[in-house]
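Biologist: I'd like to go through a few of the labels on this one with you. Can we take them one at a time?

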Amino acid sequence: MNADNRVIPVAGRDVGGLLQPVLVDLIALSLNAKQAHWHVQGRHFTQVHEQLDTLVDDVRRLSDDVAERLVALDVAVDGRPATVSQTTELPEFDEGFLSDDKVVSAIVDQIDAAISRARAALEPLDEIDQVSQDILIELLRALEKHRWMFAAQIN
């Protein structure tokens, strides 16, 4: 049962256990990418700055898709800052101003961590909820495209 004394279907609980970690990583990725957006410096400032905005927009949309899927299954989500900071598996992001090459490398590491956690949830979802799995497939398609576009800038 949840806090409102409603019974959460077993599949919902299982899906929640798989998607909640993905959700916190997406929230952390959006925050870290925005941090990078504000602090990037260097010859490729404009390109990286704008590319980070696109990443943030996409990741926020994707996190909303994941959260709304869980809520549709009557599973409460937890995107509070304390939960995100305590449970994300994304690497720590450096503070302050960073050169464009360091930002690009760090963002690739961030995206890689988010992809890894989402991929871990993909196969189990095939057995319990293919609709949620479809959301993850779309999420992975989008993240892998962003990863490619950032990684292509690394020498």
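Biologist: Leaving aside its neighbours within four places in sequence, which residues is Thr83 in contact with?

Modeller: Gln20, Val24, Asp78 and Thr88. Bear in mind that this is a predicted model. Thr83 itself is in helix H3, residues 81–87.

Biologist: Why is Thr83 called buried?

Modeller: Its relative accessible area is 13%, and buried means under 20%, so Thr83 gets the label.

Biologist: What makes the pairing of the Thr83 and Asp78 side chains a polar contact?

Modeller: The two side chains come to 2.8 Å, and the cut-off for a pair of N or O atoms is within 3.5 Å, with one able to donate a hydrogen and the other to accept it.

Biologist: Which side chain does the His146 side chain make a polar contact with?

Modeller: That of Asp58, at 2.7 Å, against a limit of 3.5 Å. Beyond four places in sequence, Asp58 is also listed among the contacts of His146, along with Thr54, Leu55 and Ile111.

Biologist: And the largest nonpolar core, which residues have the most contacts inside it?

Modeller: Ile107, Leu136, Leu139 and Leu143, in a core of 45 residues. Helices H1 (10–39), H2 (45–72), H4 (100–128) and H5 each give two or more residues, and H4 has the largest share, twelve.

Biologist: What does Leu143 contact, sequence neighbours within four places aside?

Modeller: Leu26, Leu29, Val59, Ile111, Ala114 and Ile115.

Note on methods:
Residues numbered from 1 in each chain as written. Predicted model: local features only at pLDDT ≥ 70, side-chain atom pairs only at ≥ 80, totals over all residues. Heavy atoms only, no water. Helix = DSSP H or I, 4+ residues; strand = E, 2+ residues; numbered from the N terminus. Buried < 20%, exposed > 50% of the residue type's maximum accessible area, 1.4 Å probe, protein only. Contact = heavy atoms within 4.5 Å. Core = buried A, V, L, I, M, F, W, Y, C linked by side-chain atoms within 4.5 Å.
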